[in-house]
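Dear colleague,

Please find the structure below. My notes on what was found follow it.

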Amino acid sequence: MASTQLACPGDRLGRASEFTSGPGTYTRGPHIFASLVGPVLQQEGAEGGLPVITVRGGRNAQDQVIEVGDVVMARVTRVRALLASVEILCAGETVLREAYNGIIKKEDVRATEVDRVDMGQSFRPGDIVRARVSSLGDARQYYLTTAAPDLGVRWAKSDASGAIMVPVSWQEMQCPVTGVREPRKCARPDAS
Amino acid sequence: MLNCYTPRRAPPAAVAVEEQTSADSSRKRPEHRGDGRKASELRRVYLDLGVVSQASGSAYLELDHTKVICAVYGPHAQSMDTAFSEEGQLKCDLRMAPFAQPKRSEVRGQTDEERELSATLQQALEASVRLDLLTKTAVDVYVTVLAADGGVLGAAITCASLALANASIELFDLVAACTAACADGQVLLDPTAQEEAAAGGSVLVAVMPSSREVTQWRQRGRLPSAQAAAAVELCMDGCAGVATMMRARLLAQVDK
């Protein structure tokens, strides 16, 4: 197969017995077909398995779809006693064209002492939070969780000075200008 | 200049398909239609992609004087009013521009006919979209008919399929659509508005070319069964031609 082969949705790419279907393709019967417009690529199969055949589309529409288990960045919009409402802005590396709604329930804020969580001491409106999608939720919103060390508030402004705060522990952030500490459920900073 | 072409002049309004008024039992059928085409000939097709810059994907289609533009938005969040759906949702909206038909329309909002065409458009496209991948999201397809000169629904389906492919929405296949009209015992492929009005009945077929699965089949008017079968066969041939042009245009876009 030439390396610059281009495919359109519905084009037959190969046999399912010789290749594994990757992103941009699907299997029907004994054959693999393209489902995007773009160049056809072959990659090594996992652990000596069949080579994976994929089609690379232009603007990847699938990046705009959120699945259970995806790590997302969200902005807190409302904080209530039992849950915090958020707007999901990014999914993985992709900035979403339109925000999705999500909620973080009280029992999903952290992993330990779940019944003693104070939502007001975990999040504030305007905070940017890294969370994981725990369920598709209902028609209105996705259900998110921050119950892991690497999840939680990543960016927050100080009430006192308006400066961006720095995490000092998993429960507190500090304003670099005034030194005032505020309670948040912080995400562990990425190792730089 | 890119994508330039010379539009054909509109046929004079008074021209009609020749009619035999003599008492001959054998009627001589005209070999060529009002615009010089043979019975099984498609009109000249012009396709363009990415014409609506703010949309996720878009396409523009001309069949001589029938002009259709389609913009696709999505995937994005499903409407909160609709019931929860784990699978993706496809919403189609077809509207005629107020200047699309010879008599300008003063109606604001969608007419019943446009609603019916929107529903037919959705049926034609739904089978081709990989909705299982679009978890809890929706894709909106907006088709605007700028000029209606016959074969409007077929053009809308073809244009929408191109726009979905342009938006990189995963599809099982493209959808190509074609219309045929039955008049005076003759089956005409891709009729103009005049030919559609003069015809006793017409057939629209939308098909996914690689699997030859029909996603939409719409018959209107009176069609003798033999003619109906011939019309459907002619439509399938027409769709194959349209599909070839769709593929060529989509692949050409990749190199740009």
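How much area do chain A and chain B bury between them? The figure is about 2900 Å², with 55% of it on carbon and sulfur atoms; buried area is the accessible area (1.4 Å probe) that two parts lose on being put together, summed over both.

This is a predicted model, in which local features need pLDDT of at least 70 and side-chain atom pairs pLDDT 80 or more, while totals for chains, interfaces and linings use all residues. Residues are numbered from 1 along each chain as written, chains are lettered from A in the order written, and side-chain values use heavy atoms, without hydrogens and water.

Chain A brings 38 residues to the contact and chain B 34 (contact: heavy atoms within 4.5 Å). Between the chains there is 1 salt bridge, formed by the side chains of Asp11(A) and Arg247(B) at 2.6 Å, N to O (the cut-off is a side-chain nitrogen of Lys or Arg within 4 Å of a carboxyl oxygen of Asp or Glu).

Leaving aside neighbours within four places in sequence, Leu90(B) touches residues including Leu125(B), Val141(B) and Leu164(B).

Regards
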